[in-house]
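Reader: Hi! I'm new to reading protein structures, and I'd like a close look at a single part of this one. Could you pick one residue, walk me through its surroundings, and then show me a bit of the rest?

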Amino acid sequence: MSHETPTRAVVLGGSLAGLFAARVLADAYDEVLVIDRDVLIGVDVPRRGCPQGRHINGLLTGGQRAIEELYPGITEEMLADGVPKGDLGGTVRWYMQGRQLEQQHADMLCIGPSRPKLELHVRERTQALSNVTFVERTDILGLETTADRSRVTGVRVQHLDSGEAEVVDGDVVVDATGRGSRTPVWLAELGYPQVPEERKKIGLGYVTQYYRLNSDPYHGDLSINVVAHPKLPRGCIFAKTDGGRIEMTTYGILGDHPPTDQAGLYAWIDSLGIPEYSDALRDAVPLTEPVAFRFPTTLRRRYEDMPRFPDGLLVTGDAVSCFNPVYAGGMTMAAKAALVMRSHLHTGAAPQPLEYFKDLARDVLDPHWEMTNVVDLSFPGVEGRRTLSVRMAQAFLKRVQIAATRDGKVTAAYMRAAGQVERPETLQRPGMLLRILVQSLRGPKSRPPHIVTRPVRPAAGQAAEQSAEPAA
């Protein structure tokens, strides 16, 4: 691009949403600054600013494809770096409503990087862009605007090491600071209406631990996933990841949270009734201590409903919407949001924020929000309006899951919708709808009962002696 005055975009937050935004902004602006409190460059361990980095961050197929579009070749780079791969329908073993779904290849590539590994690869590809600069160890204080407050012109920051404050000018500022975003507060201070918000209390809590296994419960599969349901509101994701390790994140909702003591955690896993878990953990070597995380409410900030909004400001990632993380949609939403943003970055023209927010809501957020809302409200203790349409969707989803215990084609179609490659309504196409109804009327497929082995656990302190590896 050729300008008399170079253009600059400023990204607040250097996590994945910020990196994806920087990637598309780099094509439209002469300079892109990524500002964050953390040290970012070269970091390959969980960061303080990304507390979920110690836990499983499932990357859906829709997200993998979006990231590949942003960074061509990055998938192969991660696979070469020891990241395992599989198919969301064919090599992921799903348990729903307490029953195992029939597995079938769905042309849904899924990869299993740990969150730090994925961030590292995306950050290195973003850093390689000649017009992107990382401004580390810097706190974000607030927005700068024109005198009439109709346009954001930059951001006030303070460098943590020197204590020096300054104003960083920008033609556009993108807030990618996550759930704790202060944009609603800043807008109120500038005289804008309150940002409409939608929250739902789910009381989610989960615990993660990494292992080295001495047995193979996978038999070629990538992950064994148990999804919580109303009769047993507990679940678990037991997945291969980089470095030959196993990530285990187990969760419970509405205050029923897994413990962090080792014996209690093993007992919790046994309560799920999945022999693959119990047998694999019988002689597994823990590589880390169990780590807990709490997620009390889902959050949707409906910027698309704002009557007015300042020019020069966009918001992305968890700063817009935080879904129930057990559905693994956060990273996918962030990558797809960047693609929407890219469509609004026309050379020589500033993006129109409300048009961006409306497209983001319609094309990215609404389908996943509605689908996950239906599942969340299937738990009686979760507060929310169970309208007729919600109850009908819940009944249909239950039939889909029953049919999928018998029919791999239903599983594959379900995974294409859940994996954000196709919209949920594709499950209601006539041929698939007939298949779902016929198979679900037969009831869930009966499988031979499993006997859950009660493992002999290593003595206290034994795990630490067996492994000298650092925490993930």
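Author: Let's go with T297, which is buried in this predicted model. Its relative accessible area is 15%, and the cut-off for calling a residue buried is under 20%, so T297 counts as buried. You'll find T297 in strand β17, which covers residues 291–301.

Now, who are the neighbours? Leaving aside residues within four places in sequence, T297 is in contact with R179, R199, K200, K201 and I202. Look at R179 in particular: its side chain and that of T297 are joined by a polar contact of 2.6 Å.

Next, the nonpolar core. The largest one has 74 residues, and F20, L25, V122, Y303 and M341 touch the most other members. Helix α8, residues 330–343, gives the most to this core, with 9 residues. Zoom in on F20 and, again skipping neighbours within four places in sequence, you'll see contacts with residues including I67, L70, Y71, V122 and M331. Apart from that core lies another, of 26 residues, with L88, M96, M415 and L427 among them.

One last stop is helix α9, residues 353–376. With 24 residues, a straight helix would reach 34 Å at 1.5 Å a residue, but the end C-alpha atoms of α9 are only 30 Å apart. Along α9 there's a kink of about 55° at L365, shortly before the proline P367.

Methods. Residues are numbered from 1 along each chain as its sequence is written. This is a predicted model: local features need pLDDT of at least 70, side-chain atom pairs count only at pLDDT 80 or more; totals for chains, interfaces and linings use all residues. Side-chain values use heavy atoms; hydrogens and water are left out. A nonpolar core is a set of buried Ala, Val, Leu, Ile, Met, Phe, Trp, Tyr and Cys residues joined through side-chain atoms within 4.5 Å. Buried means under 20% relative accessible area, exposed over 50%, partly exposed in between (1.4 Å probe, protein chains only). Helices (H or I, at least four residues) and strands (E, at least two) are DSSP runs, numbered from the N terminus. Contact means heavy atoms within 4.5 Å. A polar contact is a pair of N or O atoms within 3.5 Å; within protein, one must be able to donate a hydrogen and the other to accept it, and residues adjacent in sequence count only if both atoms are side-chain atoms. The expected span of a helix is 1.5 Å times one less than its number of residues. The bend at a residue is the angle between axes fitted to the seven residues ending there and the seven starting there.
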